[in-house]
Amino acid sequence: MDSSPKPSLFVPDPETARGSRIPDYETLYAASVADPESFWGNLAKELHFTKAPRKILDWNPKTFEGRWLVGAEGNICDNALDRHVRDGFGNKVALIWAGDGGEEELFTYGRLLDQTVRFAHILKKLGVGKGDRVTIFLPPTPGQVIAMLACARLGAIHSVVFSGFSQAALRSRLEDFEPKVLVTADCAYRRGKRIPLLETARAARKGLTSVEATVVVPREGPPESLEPGERSLTDLQTEVRFAGPLPSVPVTCDDPLFVLYTSGTTGKPKGVVHVQLGYMLGTYATARTIFDLRDSDVYFCVADPGWITGHSYIVYGPLLNRATVLLSEGTPEYPDAGRHWSLIERHRVSVYYSTPTTIRLQMRFGDSWPAGRDLSPHRSLGSVGEPLNPEAWHWLHRVTGGKLPIMDTWWQTETGMIMVTPLPSTPEKPGSAGRPFPGVVADVVDSSGHTLPSGETGTVVIRTPWPSMFRTVFRDPERYRKYWTEIPGAFFSGDSARRDEDGFFFFLGRVDDVIKVAGHRLGTAEIESALITHPKVAEAAAIGKPDELRGEIIKVFVVLHPHAADTPPAHDEIRKHVRTELGGIAEPHEVDIVISLPKTRSGKIMRRVLKAREMGLPEGDLSTLED
Ligand code: WT7
């Protein structure tokens, strides 16, 4: 280990800073919050609308609805694809796909548009129009991106479900979303292993009447046999072969683009609703200025489009900026620990947007993997999902040449866009996510909403609306209201942080019952609900336990039914049960079978006590403990 003292401040190269899109953060920030409508309105002028906005923002402080670009008509797919083709960039590479098994495919903007139009024709043929819902259950492949863009083109609402979810998790999302069409694949590949996606989709949709058709995209090839209601993409493509153009459907400021399910504090994931036009403005502006995207860039974000990071910073944000996007299907350690470094070298990646867990994993694999590679095109680095610890920051900085800015970007599914982040022109403090993006009013407050002085830890709120803010929680407006009433009038993020004397944010973790495992967001209640469906489990509690690699791991405590006491289930059986119920990312790492759980007198499980015990910390105030 390198024990030399680490600098606590990184000052970017003045040349890079001057040449970036926000060369003077302080001045721009002050202007942006003094007059947010001008700031965002000017950025909106860079996008194409069939009808210009009448008003930039209409904020309703009673319903907490932020309507951005009121009166405008336009379409995000038109802006992400057609606009660039019209501008003469049809031959520029839009998407480089790197498959799990080493396959590679290139799509120019022209070809991506053509494929999107064809897919839109297919969806239309299946009865999908403006406002209709489509669930996309696909591995990270070009088909996934195309399906999303095709929905957007039609003004339909997509809900992408991460392909690693189990059938039960997919089913609960289908039940809530009630899509007309489900798009899936014959299979997925992960670390060289074939995953039977179609079987999962079949089991998940059994008996659900909303799904009129299932489109099966060939990952390996067309499926051998189809069940009623299933259509092979290959056949459907033949049917629309000679269909002509299909212009994008203009939508207004209230029309949804997608619903993405994310974990909260209750057992049921919530459907976060984003609308097309505001989301377009927020993701366009942030991708443009934070990653400073240029025509010469190759941009690689390691997420899966099945999560918000992929929605905003693989698909929409970068394509709106006419970037060349590298989409990797695989994991950072397959076929070997050099996977990302070799992709970066081979495709001359200039912007690499990664995650702390990936960086720490690479760090563990060692310097030899990045060493000796030609990383000369590299211009900037990014991280998201959990706090980037200073050690990982320094390691990444060093192995990439010691000169590149690292954007530790803080945001959430609900915010849709990056909210707190360094910029290529601003100084960085390793361990800090920097300061708020222009136009964003982020604050650290106490429980009554008062701003805390620097150095004190509190909860993070956003005080004013931002363009890509979520509009509601699907079928659950009350849950949406809760975000704005916890601290009256401000958006409650559920995160804790402190600010230093320079206004830099240091994020510390969640204040609610949400766990972050390798950047994945999981609700303790969700895991507990899954555990108690096991026939031998009577009660369960889940906590996040700090872990050097993954940030947190899942530890569960279970109380067995009396009848099961003589034949306790193996720990492995319990872990597998959660895996089946929710998917691999929710599989507990540690299981303890206990006699009872600490509870309050009103019967609420005190996870805080379990966690303190687990970590050997003081248990705090136990006055409400039952016994
Ligand atoms: C939660 C949101 C937004 C993209 C991926 C996750 C944590 C995210 C950071 C960061 C510290 C971070 C927060 C947040 N988080 N980025 N840079 N530093 N924490 O989206 O699944 O909605 O999770 O991820 O706890 O609330 P998500």
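Q: Is S432 buried or exposed?
A: S432 is buried, because its relative accessible area is 5%. Buried means under 20%, exposed over 50%, partly exposed in between (1.4 Å probe, protein chains only). The model is predicted: local features need pLDDT of at least 70, side-chain atom pairs count only at pLDDT 80 or more, and totals for chains, interfaces and linings use all residues. Residues are numbered from 1 along each chain as its sequence is written, and side-chain values use heavy atoms, with hydrogens and water left out.

Q: Where is S432?
A: In the loop between β19 (420-421) and β20 (435-436). Strands are DSSP runs (E, at least two residues), as are helices (H or I, at least four), numbered from the N terminus.

Q: What does the side chain of S432 reach?
A: The backbone oxygen of F505, at 2.7 Å.

Q: And which residues is S432 in contact with, leaving aside neighbours within four places in sequence?
A: D408, F504, F505 and F506. Contact means heavy atoms within 4.5 Å.

Q: Switching to the ligand. How many residues surround the ligand?
A: 17, the closest being D408, T413, D495, K516 and R521. A residue counts if one of its heavy atoms lies within 4 Å.

Q: What classes are in that shell?
A: Six nonpolar, five polar and six charged residues.

Q: Which elements each supply at least two of the shell residues?
A: α11 (308-320) and β25 (505-510).

Q: How far is a polar side-chain atom of T413 from a ligand oxygen?
A: 2.5 Å. For D495 the distance is 2.6 Å. An N or O atom in the side chain of R510 is 2.7 Å from an oxygen atom of the ligand.

Note on methods: A polar contact is a pair of N or O atoms within 3.5 Å; within protein, one must be able to donate a hydrogen and the other to accept it, and residues adjacent in sequence count only if both atoms are side-chain atoms. Ala, Val, Leu, Ile, Met, Phe, Trp, Tyr, Cys and Pro count as nonpolar, Asp, Glu, Lys and Arg as charged, and the others, Gly among them, as polar.
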